[in-house]
Amino acid sequence: MTEAKDQQFDYNEQKRSQALRDYNMASTTGEIQFDALAELAQTICDTEIALISFIDNDRQWFKSKIGLDLTETLKIYSFCQYTIKGDEVYEVRDATKEHLFRNNPLVTGDPYIRFYAGAPLRTFTGYRMGTLCVIDSRPKSLTKQQKRSLALLADQVVDQMELKRSLAKQMEISEQKEKLALMVSHQFRNPVTAIQSNMELIKLSIRELTSETEIDILSYCEKINEQTKDMVDMLDDVLLFGQITSASSDKKLKSIGVQAFCKKIVNDMNVSRADRRKAQLDLAKHPLSIEADERELSHVIKNLLSNAFKYSSESPVLKVSPKKGHLVNIEIKDKGIGIPKNEQEFLFQPYFRASNVRGIMGTGLGLSITKELIQNNGGEIDITSSSNKGTTAIITLPTTKNTQS
Ligand code: ATP
Ligand code: MG
C-alpha cells in the first residue's frame, strides 16, 4: 500500500471504531431481530453458518451466529476484513484454492471453511462496520438472486441498528428532560416563594407608608432583585445545557486579549452585586491572547466567579498568568467553604451538588457546562479544594503564539 492509502486506511479504521461505539453494538449480544435476519440469510443462501459480525481494530465478534460456537476471532483470520473493503458482496467459493485463505486456521481446522460470502454493513454515513455473511464447509457459489438477497438483508441489519440507536437517543433525551424538569421545579420553588412574600411585605408597607416603611420597601425590592437574578442565572444554565446536549453550537472564534476580557467581566459583576463584595484582579503585565468564543468563555468565567462568591463569604481573586508551552492560566480562587475531598471527583457531572451546599441555591449544572465549554475551546479545567479553606479553579488555554515568549 502507498503511504497515502495507508493513511486513508487508518482513518477509515478509526472512523469505523467510532461508528461501532456510536451504535453501541459491542455491549449487546443475542438480540432477536438480528438473529432472525441471520437465520433468513442462512435459509436463503442454503449454508451451514450465518453470522452478523463486527470488526474492531484487532478482532471480529459476532452479534448473531447461526451454526457456529465461536463468539469472536482474531481479525487477521477473518474473511470479513476483505468484505468491508468494498461495497459489493464478497465471495470465496473454495478457500483451499485461494492463497489468501489456504493456510487460515479456520480453513485448515474447525469450522473448516470452504465457502464464504459476505455483504458489508454500510451505515448511512458510509462506514462499513461489519458484515452479514454466510459460510459452509463445502465449496459452493451463490446465484445472482442469492447475492442480491444477502445484500438486501445486510441493509435490513443496518436499518435495525439505526432504529435501535435512535430509540436509545430518544430515551436519553427524555430522561434528561425529566431530570431537568424535576431540578428546575425544585430549585425555583424557593426563590419564587421568597419573591411572593417580599411582594406581600411591600403591599403591607405601602398601606402604611412612612419614611421607615419606605426604607423597608427598598430592601424588599433589593431582595426580589437578587432572587430574580439567581433565577435568571439558573435559567441561563438550563438553556445552555439544553443547547450543549442537543446539538453542536455555532462557535465564533475570535482573538481575545485575556487580561482586558477578564477585567471587563469582573468589573461588570462587581457593579451588579447587591452585597457590595468585589472580586479582585491579579493580571500578568505581558499581554496574553487566545482564540476562543467570547460568549462561551465569558459564561465560563462568570460561572466560576459566581461559585466563588456563592460558596464563600469573602471576595474571590481572579488571576491571569502565562504558563509554559504557549498557555495561559486563568485562576479563580476563593477562601470559602471548600469541597469535601471524597466528592471532588463528581464535580463535573451534570446535576451533581456536593454535601457542602446546604441551603445554597443551584442547579448543579454550572461546572459540567463550564468544562464542556472550556474543552470546546481547546482548554482544560482543574479544581483543587479543601474543606473550610477554599477552592481554586484553574482554566488553562492555548495562547496565540506571538503573544507569549
Ligand atoms: P449552578 O448550576 O447554579 O452553578 P451549583 O453551583 O450547585 O449550581 P456547579 O457550579 O456545577 O453547581 O457546582 C457543583 C457543586 O460543586 C456545587 O453544588 C458545590 O457543591 C461545589 N462547588 C463548586 N464550586 C465551589 C466553590 N467555589 N466552593 C465550594 N463548593 C463548590
Ligand atoms: Mg455553580
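Of the 21 residues around ligand 1 in this predicted model, Tyr311, Arg353, Asn356, Thr363 and Leu367 come nearest. Being near here means having a heavy atom within 4 Å of the molecule. The shell splits into 8 nonpolar, 9 polar and 4 charged residues. In that count, Ala, Val, Leu, Ile, Met, Phe, Trp, Tyr, Cys and Pro are nonpolar, Asp, Glu, Lys and Arg are charged, and the others, Gly among them, are polar.

| Residue | Atom on the protein side | Distance to an oxygen atom of ligand 1 |
|---|---|---|
| Asn307 | polar side-chain atom | 2.9 Å |
| Lys310 | polar side-chain atom | 3.1 Å |
| Leu365 | backbone N or O atom | 3.2 Å |

On its own, ligand 1 exposes 590 Å², and the protein buries 97% of that. Such areas come from the Shrake-Rupley method with a 1.4 Å probe, and for residues only the protein chains shown count as cover. Two elements, α8 (294–310) and α9, each give two or more residues to the shell, and α8 gives the most, with 3 residues. Helices (H or I, at least four residues) and strands (E, at least two) are DSSP runs, numbered from the N terminus.

Now for α9 itself, which covers residues 366–376. Gly366, Leu367, Ser368, Ile369, Thr370, Leu373 and Ile374 are buried there. Buried means under 20% relative accessible area, exposed over 50%, and partly exposed in between (1.4 Å probe, protein chains only). Just after the helix, Gly378 takes a positive phi of about 80°.

Next come the strands β12 (380–386) and β13 (390–398). They run antiparallel and are joined by 7 bridges; two strands pair if DSSP finds at least two bridges between them. One bridge links Ile383 with Ala393 in β13.

Most residues other than glycine have a negative phi, and most peptide bonds are trans.

Asp46 is another non-glycine residue with a positive phi, near 55°. Asp46 sits in the loop between α2 (32–45) and β1 (49–55). Thr47 lies in that loop between α2 and β1 too. Is Thr47 buried or exposed? Thr47 is buried, with a relative accessible area of 8%, and its side chain reaches the backbone oxygen of Ile49 at 3.1 Å.

There's a cis peptide bond as well: it joins Asp110 and Pro111, with omega about 5°. Pro111 is in the loop between α4 (105–108) and β5 (115–122).

Zooming out, the chain has domain 1 (2–169) and domain 2 (250–405), with bounds from an automatic or database domain assignment. Their C-alpha centres lie 49 Å apart.

A word on conventions: residues are numbered from 1 along each chain as its sequence is written, while chains are lettered from A and ligands numbered from 1 in the order in which they are written. Local features need pLDDT of at least 70 and side-chain atom pairs count only at pLDDT 80 or more, while totals for chains, interfaces and linings use all residues, and side-chain values use heavy atoms, with hydrogens and water left out.

Key:
A polar contact is a pair of N or O atoms within 3.5 Å; within protein, one must be able to donate a hydrogen and the other to accept it, and residues adjacent in sequence count only if both atoms are side-chain atoms.
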